[in-house]
Amino acid sequence: MDAGSVEGFANAQASDDIFPRLRDVWLHSIDCSSNEMCFIKFVLSKARSLELFSVRVTSSRLSYQEACIEMAKYKRASPLAKLRLIRG
């Protein structure tokens, strides 16, 4: 299954209120696979109360800079949401 299929399915199946109280997310040791990137994009687009999304990138198919640029483009449901990327 490719990333587009996963993302399309997730968006079709989820209501906009799927994470009504989610404020903080911390992902450890990601490598920026297409599934992980789709998950991050999905959560950012649905979590209306999100304040902080922290991601520790340990190894990556993208460079750290490319991962930062890509994630910065993702639409956020919460105007308060900050994305914090940590190398290592």
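A residue is called buried here when its relative accessible area is under 20%, exposed when over 50% and partly exposed in between, with a 1.4 Å probe and protein chains only. The structure is a predicted model, in which local features need pLDDT of at least 70 and side-chain atom pairs count only at pLDDT 80 or more, while totals for chains, interfaces and linings use all residues. Residues are numbered from 1 along each chain as its sequence is written, and side-chain values rest on heavy atoms, with hydrogens and water left out.

Phe42 is buried, at a relative accessible area of 13%, whereas Phe19 is partly exposed at 22%. One aromatic pair turns up when the whole structure is searched. Its members are Phe19 and Phe42, whose ring centres lie 6.1 Å apart with the planes at 75 degrees, so the pair is edge-to-face. For such pairs, rings of Phe, Tyr and Trp (its six-membered ring) must have centres within 6.5 Å; planes under 30 degrees apart count as stacked, over 60 as edge-to-face and the rest as tilted. Phe19 sits in the loop between helix 1 (3-13) and strand 1 (24-30), and Phe42 in helix 2 (residues 34-46), so the pair ties together parts that are 23 residues apart in sequence.

Next comes the overall fold. Three helices and three strands are found in the protein chain, and from the N terminus they follow the order α-β-α-β-α-β. Helices (H or I, at least four residues) and strands (E, at least two) are DSSP runs, numbered from the N terminus. Strands 1 and 2 pair in the parallel sense over five bridges, with Asp24 opposite Leu52 of strand 2. Strand 2 (residues 52-57) also runs parallel to strand 3 (residues 82-87), to which six bridges join it; here the bridge partner of Leu52 is Lys82. Pairing of two strands requires at least two DSSP bridges between them. Strand 1, helix 2 and strand 2 form a right-handed β-α-β unit, and strand 2, helix 3 (residues 64-72) and strand 3 form a right-handed β-α-β unit as well. A crossover is right-handed if, with the strands pointing away from the viewer, the path from the first strand over the helix to the second runs clockwise.

Within strand 2, Ser54 is buried at 1% relative accessibility. Beyond its neighbours within four places in sequence, Ser54 is in contact (heavy atoms within 4.5 Å) with Val25, Trp26, Leu27 and Arg84. The side chains of Ser54 and Arg84 are joined by a polar contact of 3.0 Å. A polar contact is a pair of N or O atoms within 3.5 Å; within protein, one must be able to donate a hydrogen and the other to accept it, and residues adjacent in sequence count only if both atoms are side-chain atoms.

Asp31, in the loop between strand 1 and helix 2, is partly exposed at 33%. Its side chain reaches the backbone nitrogen of Ser33 at 3.2 Å. Not counting residues up to four places away, Asp31 touches Glu36, Ser59, Ser60 and Arg61. The C-alpha atoms of Asp31 and Arg56, 25 residues apart along the chain, are separated by 8.9 Å.

Finally, the totals for the chain. Buried residues make up 32% of the 88 residues. Among contacts between residues at least 6 apart in sequence, 83% join residues at least 24 apart.
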